Amino acid sequence: MKYVILVSDGMADEPVSELGNRTPLEAARTPNMDALTKQAEVFGLARTIPDGFEPGSDVGNMSIFGYDPKKYYTGRAPIEALSLGIDLIPSDVAVRCNLVKLAVKNGQTIMEDYSAGHISTEKAHELITLLKPALEDESFTLYPGVSYRHILLWRQGEDRFRATPPHNIPGQVIDKHLPSGQGSEVLLGLIEKSQKILKNEQANSIWLWGAGKKPSVPTLQKRFGIQGAVISAVDLIRGLGICAGLEVILVPGATGYLDTNYRGKVEAALRALQKNDFVSLHIEAPDETGHEGSVSKKVLAIEDFDSKVVGPLLAGLKTLPDFSLLLMPDHPTPVSIRTHTADPVPFLIYRKSKSSKITHAQQRFTESFALKTGILRDEAHHLIEELLQLNN
Ligand SMILES: [Zn+2]
């Protein structure tokens, strides 16, 4: 049996007046996801974000990989640091370093763009190189990542300071969202220095948040005896895959946005299943379009996911003797609020060998159909056991 986890980041949403009070999932043409739903072994809602946790891809995907965030979550940046190959020792603190665009409005500084206009990785690396001489010393090292996402390593650092994720405050005044609490003064100093250096650049400041120490989690091999791979354009997901003991497969042209290499990612996933039991394939675009607040782009991202990922992937999987598939978003990213919520998301588990006996004629893969099933998996970190049929 081959196992697949297919995650469409931030795909869930809420009714939008522009779509006649339908959600983007309801408005989008999704024949492949709907066909799976009609023959799913189980279809319903799952809570990926436990109470008290900030809704985001780190917590959501940690649950989907089968790890209870209440037990294993230590912050976003240490997970991303692992995917950049940064070797963290126990006293190290990894800090997420966004390149952002700030603006002055009515005399106050606001967060204009958390991604500096989806800055290209090449341009971002130029700016990180510009910042290094002024920001680095025996305590701090800057590690360039992908697009606007980078890592600041803080030796003997402090991880108890608070700072708001920049994608949570689009257009808002930044003052009360800057790092505060233990250790924040030195970070504020680094942010100030960056603004002097990046004055007329596409990004004109760094933003520091999501700090933490190295997480220690048992691998999926150790827990379930499965060998697998992870495919994603996003550092965080690759970092979670490394924590889980998975092979990281890099796909050229994977951008984490609407222009990503969908075909390359699907082909890589099918190839990975030739030598692995398990593959996790993650698509980022629906989340980014949700953060942009663009209804039309989010519907496009969902339709692309269905036609360029779900369809071709299923065609390939159906050539296998048998396979089991878990399909779900990691959290909602409603276009109306342009950030994440902790609301439960639709999920389905489909098994080729069982599909012919199952028919839910009316079902579609949407939030309201999932709600109507009355099924709620309250702790999504158990879904992988269900996928692997370990609780039969
Ligand atoms: Zn996400």
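Trainee: Which residues are buried in H2?

Mentor: Met33, Asp34, Leu36 and Thr37. Buried means under 20% relative accessible area, exposed over 50%, partly exposed in between, with a 1.4 Å probe and protein chains only. Helices (H or I, at least four residues) and strands (E, at least two) are DSSP runs, numbered from the N terminus. This is a predicted model: local features need pLDDT of at least 70, side-chain atom pairs count only at pLDDT 80 or more, and totals for chains, interfaces and linings use all residues. Residues are numbered from 1 along each chain as its sequence is written, and side-chain values use heavy atoms, with hydrogens and water left out.

Trainee: What do they pack against?

Mentor: Helix H1 (24–27), S2, helix H12 (295–317), strand S11 (323–328) and S12. Contact here means heavy atoms within 4.5 Å.

Trainee: Switching to charges. How many salt bridges are there?

Mentor: A search of the whole structure finds 23. The criterion is a side-chain nitrogen of Lys or Arg within 4 Å of a carboxyl oxygen of Asp or Glu.

Trainee: Which residue does Arg351 pair with?

Mentor: Glu41, with the closest N and O atoms 2.7 Å apart. That pair links distant parts of the chain, 310 residues apart. Arg351 is in strand S12 (residues 345–351), and Glu41 is in the loop between helix H2 (31–38) and strand S2 (42–46).

Trainee: Is Arg351 buried or exposed?

Mentor: Buried, at 2% relative accessible area. Glu41 is partly exposed, at 30%. Glu41, Arg351 and Lys354 are linked in a network of salt bridges.

Trainee: What about Glu284 and Arg149?

Mentor: Their side chains meet in a salt bridge at 3.8 Å, N to O. Glu284 lies in the loop between strand S10 (278–283) and helix H11 (285–292), and Arg149 in strand S6 (residues 149–154), so the pair ties together parts 135 residues apart in sequence. Both Glu284 and Arg149 are buried.
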